[in-house]
Amino acid sequence: MIEVRELTKVFDVKTAVNSVSFTVEKGEILGFLGPNGAGKSTTMRMITGFLPPSSGTAVIGGCDIVGDSLNARRKIGYLPENAPVYREMRVTDFLNFCAEVRGVDSGSQQARVDETIEKCFLSDVRFQTVATLSKGFKQRVCFAQSILHDPEYLIFDEPTDGLDPNQKHEVRLMIREMSAEKAIILSTHILDEVDAVCSRAIIIANGKIVADDTPQGLKATSPTHGSLMVRITAEEPNALLMLLKAEPGVKAAEILEQSDRHARIRIFPENPDAPPIADRILAMLSARSATVHSLLVEEGRLDEVFRAITTS
Amino acid sequence: MRTAESIRSIRAIFKRELAGYFGSPVAYVFIVIFLLLLGFFTFYINHFFEMGQADLRSFFEWIPWVFMFLVPAVAMRLWSEERRLGTLELMLTLPITIFEAILGKFLAAWAFLGICLLLTFPMVLTVLYLGSPDMGAIFTGYVGSFLMAGAFLSIGSMTSSLTRSQVISFIIAVVICLFFILAGYPPITEIFSGWAPKWLMDLVAQMGFLPHYASIKRGVLDVKDLLYFFSVIFFMLAVNGAVLENRKTA
């Protein structure tokens, strides 16, 4: 378990991280969200022992990162922002160096390195120097370094930054595969990523936690959560809108787009989590001989929630 | 068990760093410049052959001045580069102490300078061919040079941890090295004369590298002089550690 306790970092006059507390259990993937400069990287740097906190601490699997730093760091795999790797080293040499410093048993070291290279799809470049690699490969070399010693706790600072969509997908798959027996924290500003990988998300703004929930829970706070989106063709869309508004269970309705007889209408129910009103709406629309092209119940959108929380 | 682990970490870093020197052209350029400069000073400026003496005194005389520029050039990348490229974050989140990281890097750079010094062996062969030199003085001359290289290197390592810019690190290191060379000589004593109390002037004069280096290269390995160089190294590396410990950003 990673336990972050009232972590605070003050730079000169600016409080970059302000009393941040949370815990991550094994099996969880925690998404760490926030605008640029919100304090994500600073928080991760404190959890991994790179920056000393001004106050508070983080306890990693029972080891305090301030008081028992070496043992705590031993349990962590860390992918720093921008994936720094020694440029003049070959991929295998770099990973062997990390294994050696990490105290991986020298008998199984080469096997471990080979296995990690395999896992991170680095076989083709294993004898190249890092400086000759593309951004995506560099990112994966640094990623390989973080999982090399099979740590229980993984901390990734923007793990998919700079990757193409296929590579992003691969990295996400790898993270998800590992999640069963590990506790993982990853920071990102790609909201799709949170949906795709994270079991929980924390939003941080100006150094403070402003939301801590599952991605579904966060989406539920979106104003469009549970609303119905219908695309119809009808004789008089405006008249239809009036009728929709009068329908029981409907709080409001609006036409988002209209051209002639085609319209896209959004309907807000009284209570988004109550029994769905979609079938009644559908019946009503077909009774009025409107053609329904599509009907969609919105889950809510993370980006809306994100913007609402971080700009208020 | 901690000691065994410490040694393992220091060794891993040492190996990586040393391989890094020889993996880049910088090392070879450095060695060539070092040998050319020393050769130039010894043979052209000091007229080594015309002096008619089979010893390396004129050679060792130039070493402090050549080192003053070249050692900071070796040292400047030690930490600045790690800070600039962000690999410092990688290194300091590994399960190693700052002390181990500093020592591993320092020893690797020192070993590199040792190799450079050893490559001046043709000088020794030359004087052996020309006459029968005092081999003891030549040996202690090399020991003294190596110790001074270590002292300069510790200064460079410290200044390198202060900044991300290698150029700034280099310039500050050269200035500090120059201070240590000139301490006890007029340019420095004049700065202090008139206002500083006598004990401070004596202290500064005692801090100079040259008197200690001179007695070693005469063939006298005094504990006092060894202690002097090792305390400079220890002090500078301790400051180096404090700087890294208290850095505010990457």
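Predicted model: local features only at pLDDT ≥ 70, side-chain atom pairs only at ≥ 80, totals over all residues.
Residues are numbered from 1 along each chain as its sequence is written, chains are lettered from A in the order in which they are written, and side-chain values use heavy atoms, leaving out hydrogens and water.

**Where the chains meet**
- Chain B brings 27 residues to the contact and chain A brings 27 residues, with contact meaning heavy atoms within 4.5 Å.
- About 2,700 Å² is buried between the two chains, and carbon and sulfur atoms give 62% of that; buried area is the accessible area (1.4 Å probe) that two parts lose on being put together, summed over both.
- On the chain B side, Arg16(B), Glu89(B) and Pro95(B) lose the most area to chain A, together 26% of what that side buries.
- Five salt bridges run between chain B and chain A, including one that pairs Arg11(B) with Glu100(A) at 4.0 Å, N to O.

**Nonpolar cores**
- The largest nonpolar core has 152 residues, and among those touching the most other members are Ile185(A) and Phe209(B); such a core is a set of buried Ala, Val, Leu, Ile, Met, Phe, Trp, Tyr and Cys residues joined through side-chain atoms within 4.5 Å.
- Leaving aside neighbours within four places in sequence, Ile185(A) is in contact with residues including Ile2(A), Phe32(A) and Leu154(A).
- There's also a second, separate core of 18 residues, with Val230(A) and Ile265(A) among them.

**Other salt bridges**
- Over all chains, the whole structure holds 27 salt bridges.
- Glu28(A) and Arg200(A) form one of them, with their closest N and O atoms 3.1 Å apart.
- That pair links distant parts of the chain, 172 residues apart, and both Glu28(A) and Arg200(A) are buried.
- Asp303(A) bridges to Arg301(A), with closest N and O atoms 3.4 Å apart.
- Shared partners tie Glu88(A), Arg16(B), Glu17(B), Glu82(B) and Lys105(B) into one salt-bridge network.

Notes
Salt bridge = Lys/Arg side-chain N within 4 Å of Asp/Glu carboxyl O. Buried < 20%, exposed > 50% of the residue type's maximum accessible area, 1.4 Å probe, protein only. Helix = DSSP H or I, 4+ residues; strand = E, 2+ residues; numbered from the N terminus.
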